Amino acid sequence: MSKLLFVVAALAVGGAATAAKDLLSRDTRLPGSCISDSASFSKSVLGKVRKTISDPRLAAVRTTMGIAELPADSAVLVSDPAICRKASSAVADYRQMDQEAVELVLIRIGRRYWAEDGRMLGGEWPLVFLLDSTAAKVIAQH
């Protein structure tokens, strides 16, 4: 009931609708599903991936990560529940943790997947997992 009151109160306050929508999408999320494509974190990660794969100044980053230069629109946010479950399972297995603790933003880039959970940090930055073409195996962590 308190979450419902928060949502109603947030909707009444100007500019808080996005925060309420993000809260609702997280609360209804199934284990192994991806963070909503309307969430601000998803949009932020998508923008970062698009810049990473397309900006000529980031060639060294792409080389280090083992990804090719691609047009920005080659990065596509994934929301398919089956693919999201496979990716969450792959990251959970790789990190030796419970799949329910994984909340990914999943982005297809060419034949690979970029998976990011803002709560898994490598120092101060979120860890990025590159998955194979099936989204079932982590091939690199950055």
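These legends describe close-up views of a predicted model. Local features need pLDDT of at least 70, side-chain atom pairs count only at pLDDT 80 or more, and totals for chains, interfaces and linings use all residues. Residues are numbered from 1 along each chain as its sequence is written, and side-chain values use heavy atoms, without hydrogens and water.

**View 1. An open sheet of five strands.** The strand order is β1-β2-β3-β4-β5, with antiparallel pairing. Strands (E, at least two residues) and helices (H or I, at least four) are DSSP runs, numbered from the N terminus. Two strands pair if DSSP finds at least two bridges between them. The edge strands, β1 (75–77) and β5 (138–141), each pair on one side only.

**View 2. Strands β4 and β5 side by side.** Three bridges join β4 (residues 125–131) to β5. F129 stands opposite Q141 in β5.

**View 3. Two helices on the strands.** Helix α3 (residues 40–54) touches β1, β2 (105–109) and β3 (112–122). Contact means heavy atoms within 4.5 Å. Helix α5 (residues 81–95) lies across β2, β3, β4 and β5.

**View 4. The largest nonpolar core.** A nonpolar core is a set of buried Ala, Val, Leu, Ile, Met, Phe, Trp, Tyr and Cys residues joined through side-chain atoms within 4.5 Å. Buried means under 20% relative accessible area (1.4 Å probe, protein chains only). This core has 18 residues; V91, L106, A115, F129 and L131 have the most contacts inside it. Helix α5 gives the most to this core, with five residues.

Methods. Axes are lines fitted to C-alpha atoms, for helices over the stretch in contact, and angles run from 0 to 180 degrees between N-to-C directions. Buried means under 20% relative accessible area, exposed over 50%, partly exposed in between (1.4 Å probe, protein chains only).
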